[in-house]
Amino acid sequence: LAQHATVSIPAAALSGLREQLRHNTDDTMSHGLAALLTTTSLALALRRHPDDARVPAAVRLRAPLLAGLCLGLLAATRPVSAVVALLLCLWARGRSRSGWTGLALGMLPGVALLLLQQRALTGSWLGSAQLAYYAASDAPAGCFRYGFGAGVGCRFEHGDYVTRYLPNGYGFVHALRNFAVHLRVFAIDATNFTPLTVFGACALFKRRSSLALAGAGILLQALAYVPFYFDGNYPGGGARFLAEAIPLAQILVARAAWDLRLGWLAPLISVLGFAAFARQGHAELSTRDGGSQMFQPA
């Protein structure tokens, strides 16, 4: 996707300047790791070798195997995000039989890890540890689930949110609201400045064939988390469910900027955007819960 240094360097600079990605790696949340695994799996899946008998099988399988390993670890970390990343990797591999085989084989260790973890924590190979946690610690019964209907929405951890938006359950209108909220906050998360993120769409119109994967990844990630009732936002945290798509947006922005010979300007605008807009959220985060750490080793 980032075909040469003129795109990859400003894209990496945008990533390094993103406070939200750094926050999601210094905290106990898994979103930063999920973003790394998603991006790495796609980068590996895009490395192609022809299905030619003259190319050794080990060479043809190496990149998809490593991509599958990342996908498997992502499945053990955030299963819904892994489904999105898998679809993107399959798209990237095209009709390559060796590519699809490599992805499937590479995923086995991570999927096995997920099943073993669930078996150890819930007593069932397919029992979700997260669902078991909420079943034991929140109410009403079945409040935490991926889907729609009455009774969705936990009253302890997300009580204020559920009381305000979901008094009668999670329906179509609330799903549209969540979708809009995720994209709105994502536009700030990706580059610190909403107009700069939206500017990345220009790359899609000019280079549809080569960058459609990035645009589809952002849309699929947003759609994948629509069935989850909570918007997932808190000060400085942003749209955490879309963290995996942040690097894709940054590549689009860098590509669009360099098409106009203004690639150097994107990181500068990002810094100014943080100083003017995104900084406030992190100031609020520093005083959340009295400023105490979310994880207390003692």
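These questions and answers walk through a predicted model of one protein chain.

Me: How many helices and how many strands does the chain have?
Reply: Read along the sequence, the pattern is α-α-α-α-α-α-α-α-α-α-α-α-α-α. The secondary structure comes to 14 helices and zero strands.

Me: What share of the residues in the chain is buried?
Reply: A residue counts as buried under 20% relative accessible area. The chain has 298 residues. The buried share of them is 44%.

Me: What share of the contacts joins residues at least 24 apart?
Reply: The count takes contacts between residues at least 6 apart in sequence. Of these, the share that joins residues at least 24 apart is 69%.

Me: Which helix gives the most to the lining of the largest cavity?
Reply: The count comes to one cavity of 30 Å³ or more, and about 40 Å³ of space lies in the largest cavity. Two helices, H5 (79-93) and H12 (208-224), each supply at least two lining residues. With three residues, the top giver is H5.

Me: How many charged residues does the lining of the largest cavity have?
Reply: The lining includes Thr38, Val84, Gln221 and Glu244. By class, five lining residues are nonpolar and three are polar. Glu counts as charged, and the number of charged residues in the lining is one.

Me: Why is the pair of Phe144 and Tyr229 edge-to-face?
Reply: The whole structure holds ten aromatic pairs. In this one, the ring centres are 6.4 Å apart. Planes over 60 degrees apart count as edge-to-face, so the pair gets that name because its planes stand at 80°.

Me: Where in the chain do Phe144 and Tyr229 lie?
Reply: The pair links distant parts of the chain, 85 residues apart. Phe144 is in the loop between H7 (129-137) and H8 (159-165). Tyr229 is in the loop between H12 and H13 (246-259).

Me: Is Tyr229 buried or exposed?
Reply: The cut-off for buried is under 20% relative accessible area. Tyr229 has 0%, so Tyr229 is buried.

Me: Which helix holds both Tyr161 and Tyr165?
Reply: These two form a tilted aromatic pair, 5.1 Å centre to centre, with 50° between the planes. They lie four residues apart, about one turn of the helix. Tyr161 is buried, with a relative accessible area of 10%. The helix that holds both is H8.

Me: Which peptide bond is cis, with omega near 0°?
Reply: Most peptide bonds are trans. Pro140 sits in the loop between H7 and H8. The cis bond runs from Ala139 to Pro140.

Me: Is Asn192 buried or exposed?
Reply: Asn192 is in the loop between H9 (172-191) and H10 (194-199). Its phi is positive, about 75°, although it is not a glycine. Its relative accessible area is 1%, so Asn192 is buried.

Me: Is Arg261 buried or exposed?
Reply: Arg261 is in the loop between H13 and H14 (265-286). Its phi is positive too, about 60°. Exposed means over 50% relative accessible area. At 62%, Arg261 is exposed.

Key:
Residues are numbered from 1 along each chain as its sequence is written. This is a predicted model: local features need pLDDT of at least 70, side-chain atom pairs count only at pLDDT 80 or more; totals for chains, interfaces and linings use all residues. Side-chain values use heavy atoms; hydrogens and water are left out. Buried means under 20% relative accessible area, exposed over 50%, partly exposed in between (1.4 Å probe, protein chains only). Contact means heavy atoms within 4.5 Å. On a 1 Å grid over the protein atoms alone, a cavity is a set of points where a 1.4 Å probe fits but cannot get out, and a pocket is an open set with protein on both sides within 12 Å along at least five of seven lines; lining residues have an atom within 4 Å of a point. Grid points are joined across faces, edges and corners, and a volume is the space filled by probe spheres set on the points. Rings of Phe, Tyr and Trp (its six-membered ring) pair if their centres lie within 6.5 Å; planes under 30 degrees apart count as stacked, over 60 as edge-to-face and the rest as tilted.
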